[in-house]
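Please keep the sequence and the coordinates open while reading.

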Amino acid sequence: NEIIEGIAKQLEQLYPDKMVYVNEIRRGANENFCVHCIDQAHIRNLDRRRTRSYSFEILYFKAEKDSMAFNEWAEEMYWGFERIQVGDRIITPRDAQAEDGGDMVYHFTFDINLTGLIDKPAGDPMGGFRIEGGLKDE
């Protein structure tokens, strides 16, 4: 989808010499990235308002163990993912978190919430009502 494409493009700008895999981990992924959606929800709000929530994870596969490299990588990711260009919109991720998985895989997770309105139903919503009334005689 457009959001994952935007995330992949952001990674390519931050790390132009690295490969970015989407939704799959390929053999020989060392020193490269994998991006995937780990959770999503559709929330019905008042009237026609809707919210979509997505949680994403970016995996970076290290070739060798280096704790200091993780700290530098985490800083680059936090600052690099302050905003994401998705189509003609700018999206601001929330609740970003970096973690050294201990298995030579760095994890970077964040959430994206999108809100919008669904289209109005066709026709007149009051079309089936009949108005009756008058003044009551005393």
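Asp47 sits in the loop between β2 and β3; helices (H or I, at least four residues) and strands (E, at least two) are DSSP runs, numbered from the N terminus. The model is a predicted one, in which local features need pLDDT of at least 70 and side-chain atom pairs count only at pLDDT 80 or more, while totals for chains, interfaces and linings use all residues. Residues are numbered from 1 along each chain as its sequence is written, and side-chain values use heavy atoms, with hydrogens and water left out.

Although Asp47 is not a glycine, its phi is positive, at about 55°. Asp47 counts as exposed because its relative accessibility is 58%; buried means under 20% relative accessible area, exposed over 50%, and partly exposed in between (1.4 Å probe, protein chains only). Asp95, in strand β6, is not a glycine either and has a positive phi of about 55°. With a relative accessible area of 55%, Asp95 is exposed.

The strands come next. Five of them form an open sheet in the order β1-β2-β3-β7-β6, with mixed pairing; two strands pair if DSSP finds at least two bridges between them. β1 (20-22) and β6 (94-100) are at the edges, and each has a single partner strand, so one side of each lacks a neighbour in the sheet. On average, neighbouring strands of this sheet are turned by 20° against each other, direction ignored. Axes here are lines fitted to C-alpha atoms, for helices over the stretch in contact, and angles run from 0 to 180 degrees between N-to-C directions. β1 and β2 run parallel and are joined by three bridges. Val22 stands opposite Val35 in β2.

Helix α1 lies across β1, β2, β3 and β7 and runs at about 35° to β3. Contact means heavy atoms within 4.5 Å. Ile7 touches Val35, Phe56, Ile58, Phe81, Ile84 and Phe110, not counting residues up to four places away in sequence.

Two residues of β3 can be followed in detail. Thr51 belongs to this strand (residues 49-61) and counts as buried because its relative accessibility is 12%. The side chains of Thr51 and Asn45 make a polar contact at 2.7 Å. A polar contact is a pair of N or O atoms within 3.5 Å; within protein, one must be able to donate a hydrogen and the other to accept it, and residues adjacent in sequence count only if both atoms are side-chain atoms. Beyond four places in sequence, Thr51 also touches residues including Ala41, His42, Leu114 and Thr115.

Leaving aside neighbours within four places in sequence, Phe56 is in contact with residues including Ile3, Ile4, Ile7, Cys37, Phe108 and Phe110. The C-alpha atoms of Phe56 and Ala96, 40 residues apart along the chain, are separated by 9.6 Å.
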